[in-house]
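User: I have a protein model open and would like to work through it step by step. Can we go through it in short questions and answers?

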Amino acid sequence: IIPEKYEYKGVEYCVNKLDVISNKSIRKIFIPSTIEEVNVDFLRQVSSLVEIKVDADNKVFSSKDGVLYSKDGLTLLVHPYSKEFDHSCLDNVKHIGDYAFGNQFTKFTNIDLVLPNSVETIGNYSFYNSGIKKITFSDNLISMGWNAFYHNIYLKDVKLTEKLQTI
């Protein structure tokens, strides 16, 4: 649990940024209402992480079933490294954030990934080194970030959609 406030030398500080955690054995993280900024790159590197929960009063972030989203739930920001993948985490998602599933090779090995039609954008490195063997893109996909599927050695056949404007 990350505190909302802490005291140092008699001065009380509000915690509003989550940046670096060096403990790689963390399994669960609770993000309080005061956090306004999260370094998603560090969260994806905590290889033991299975669950991210967010205080309901947080104005920037939300969570559902242990996955980190934007407050409105339209952007999937981080799928914890050790959390089992379930396609339902993509329900109603319009944007898959940078590195959201990146470097999670064992999670996706031999998975046929189907992106729901709600998905319009895929961020940079979103699925890099993830072991996906087949992907079905959303009919509404319009933008795919840089190296979104970089180093997917099993991904052999990709069919892009007609609406896709930017890669």
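User: How many salt bridges does the structure hold?
Analyst: This is a predicted model. Side chains of opposite charge can pair when their charged atoms come close. Here, the number of salt bridges is 3.

User: Which residue forms a salt bridge with glutamate 51 at 3.8 Å?
Analyst: Glutamate 51 lies in strand 6 (residues 51-54). Its partner lies in strand 4 (residues 28-31), so the pair ties together parts that are 23 residues apart in sequence. With the closest N and O atoms 3.8 Å apart, the partner is lysine 28.

User: Is lysine 28 buried or exposed?
Analyst: Exposed means over 50% relative accessible area. Lysine 28 has 57% relative accessibility, so lysine 28 counts as exposed.

User: How far apart in sequence are the parts tied together by glutamate 120 and lysine 94?
Analyst: The side chains of glutamate 120 and lysine 94 meet in a salt bridge, 4.0 Å from N to O. Glutamate 120 lies in the loop between strand 11 (112-114) and strand 12 (121-122). Lysine 94 lies in the loop between strand 9 (75-78) and strand 10 (95-96). So the pair ties together parts whose separation in sequence is 26 residues.

User: What is the relative accessible area of lysine 94?
Analyst: Glutamate 120 counts as partly exposed at 25% relative accessibility. Lysine 94 is partly exposed too, with a relative accessible area of 32%.

User: Which residues gather in the patch of negative charge?
Analyst: One of them is aspartate 65, in the loop between strand 7 (61-64) and strand 8 (67-70). Aspartate 65 counts as exposed because its relative accessibility is 57%. The patch on the surface is made of Asp65, Glu84, Asp86 and Asp91.

User: How much accessible area do Val158, Leu160 and Ile167 have together?
Analyst: These residues form a nonpolar patch on the surface. Leucine 160 is found in the segment after strand 14 (143-144). At 48% relative accessibility, leucine 160 counts as partly exposed. Together, Val158, Leu160 and Ile167 have an accessible area of about 290 Å².

User: How far apart in space are histidine 151 and isoleucine 132?
Analyst: Histidine 151 lies in the segment after strand 14. Histidine 151 is partly exposed, with a relative accessible area of 44%. In sequence, histidine 151 and isoleucine 132 are 19 residues apart. In space, C-alpha to C-alpha, the distance is 10.0 Å.

User: What percentage of the residues in the chain are buried?
Analyst: The chain has 2 helices and 14 strands. A residue counts as buried under 20% relative accessible area. Of the 167 residues in the chain, the buried ones make up 43%.

User: What share of the accessible surface belongs to carbon and sulfur atoms?
Analyst: The accessible surface of the chain comes to about 9200 Å². The share that belongs to carbon and sulfur atoms is 48%.

Definitions and conventions: Residues are numbered from 1 along each chain as its sequence is written. This is a predicted model: local features need pLDDT of at least 70, side-chain atom pairs count only at pLDDT 80 or more; totals for chains, interfaces and linings use all residues. Side-chain values use heavy atoms; hydrogens and water are left out. Helices (H or I, at least four residues) and strands (E, at least two) are DSSP runs, numbered from the N terminus. Buried means under 20% relative accessible area, exposed over 50%, partly exposed in between (1.4 Å probe, protein chains only). Accessible areas come from the Shrake-Rupley method with a 1.4 Å probe; for residues, only the protein chains shown count as cover. Patches are made of residues with over 30% relative accessible area and no salt bridge: like charges are joined within 9 Å, nonpolar side chains (Val, Leu, Ile, Met, Phe, Trp, Tyr) within 5 Å. Lys and Arg count as positive and Asp and Glu as negative; His and the chain ends are not counted. The place of a charge is taken as NZ of Lys, CZ of Arg, CG of Asp or CD of Glu.
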